[in-house]
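Me: Could you walk me through part of this structure? I'd like to start with the strands and then move to a pair of helices.

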Amino acid sequence: MMPNSELLSFLGSRKPWHTLPQPFYNDPALFQADLAHIWYRDWVFAVTSAELPKVGSYVTVRIGDYSVIVVRGSDRVIRAFHNSCRHRGSHVCTAERGTAPKLVCPYHQWTYDLDGKLLWARDMGPDFKPQDHGLGMVHCREVEGMVYLCLADDAPDIEPLAASAPGYMGPHDLSNLKVAHVAHSVEQANWKLVMENNRECYHCSSNHPSLCVTFPDDPNLFGSDDASGSNAGMQHIARCEAAGLPSKYLLGPDGQWRFVRIPFLGDAVSYTMDGKQAVNRRIGTMPFDNAGSCLLYHYPNSWNHFLSDQALTFRILPVGPQETHLVTTWLVHKDAVEGVDYDLDRLTKVWLATNDEDRRICEQNQRGVNTPGYRPGPYSQTHEGGVNQFVDWYCDTLSRRLQGRQAIAAE
């Protein structure tokens, strides 16, 4: 692990409105610092509740060195546990996802209830107490159909997000949708490069022909985050709010998350190649088709689009200093029938293409950053305000936590 003093020196060397120094994007020691001080301490988006439709439905999630089981219990509450048997440490769930009435370790068949309690362990002697050997719990919170995990002993406050989410996300009713498709992509790029790329549309017109059919790359709408510089954006927000859809830009504490509702281009109502709806059933209580996209960013690992006909969640998780796992999930009305109410290719085409284009962009970015000729460059204050906001959040959060560790060590 890199000494805190050296990390703080690197952070202090960053120029305002500039990219980070090279080690932040490729150094193994800095990657470990990211895991320790960001990923293992913050709330991280894991899955949607729609991915756990039944009692016993589970998904395994890897966050750095941790493997976590997220499972719906017999009381229908979603909980999370360390994926490590309390006997000799084997993974309990070896599949990425599935459904099981109990959680059974494949090594010696220690059997756990869906609430983590140890139910059965063979031949452990008269003094063995099963109640002392339940699965290790992980902080887990469902917020409007999105499940967040926190690996820290003491989780940070998630109540500001939980209090704001119902207004913005409630009309889309994620918890009552169903999964239409899940796509995985592994990008050979540092997680911060992946997030930075998503936080701007400076690159969109020259790289995303499918997305730009419907998505506005107007920097007055997207580059500033709050749509305040765009007449179209402000008119759209006013129209949605008049219909009972909270839409104004809302920034969470410390800049970790934000909501805003933005319009599509022209008469478009969904992310499709012709701009028409992808699913002929509106979700939740959405009052009209052309409500645009309600955007939710939550650092360090997700961006999301909530529409009238679908919801899209994007989750990144760090695999290595130059490797990131992206999962994209398409949610539709729970009664929508594939082939009748929607065509899967039509539903997914735009974002499958866009994700692959972004993968190539990020990997080229990583290769360029790795060269000895890399020097931190300036952001466009017109187009890249969102990128700068993310990097500021990252630097401020990491610096604050490193200084906190130094203060504790000095006591």
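**Strands, then helices**

Reply: Strand E13 (residues 257–262) and E14 run antiparallel and are joined by six bridges, where strands pair if DSSP finds at least two bridges between them, and helices (H or I, at least four residues) and strands (E, at least two) are DSSP runs numbered from the N terminus. This is a predicted model, in which local features need pLDDT of at least 70, side-chain atom pairs count only at pLDDT 80 or more, and totals for chains, interfaces and linings use all residues. Residues are numbered from 1 along each chain as its sequence is written, and side-chain values use heavy atoms, with hydrogens and water left out.

Me: Which residue of E14 is the bridge partner of Val260?

Reply: Val260 has Leu295 as its bridge partner in E14.

Me: And what about E14 and E15?

Reply: E14 pairs with strand E15 (residues 302–306) in the antiparallel sense over five bridges, and a hairpin of three residues joins E14 to E15. Tyr297 stands opposite Trp303 in E15.

Me: Switching to helices, which residues make the contact of H5 with H9?

Reply: Leu193, Val194 and Asn197 of H5 meet Asp358, Ile361, Cys362, Asn365 and Gln366 of H9, where contact means heavy atoms within 4.5 Å.
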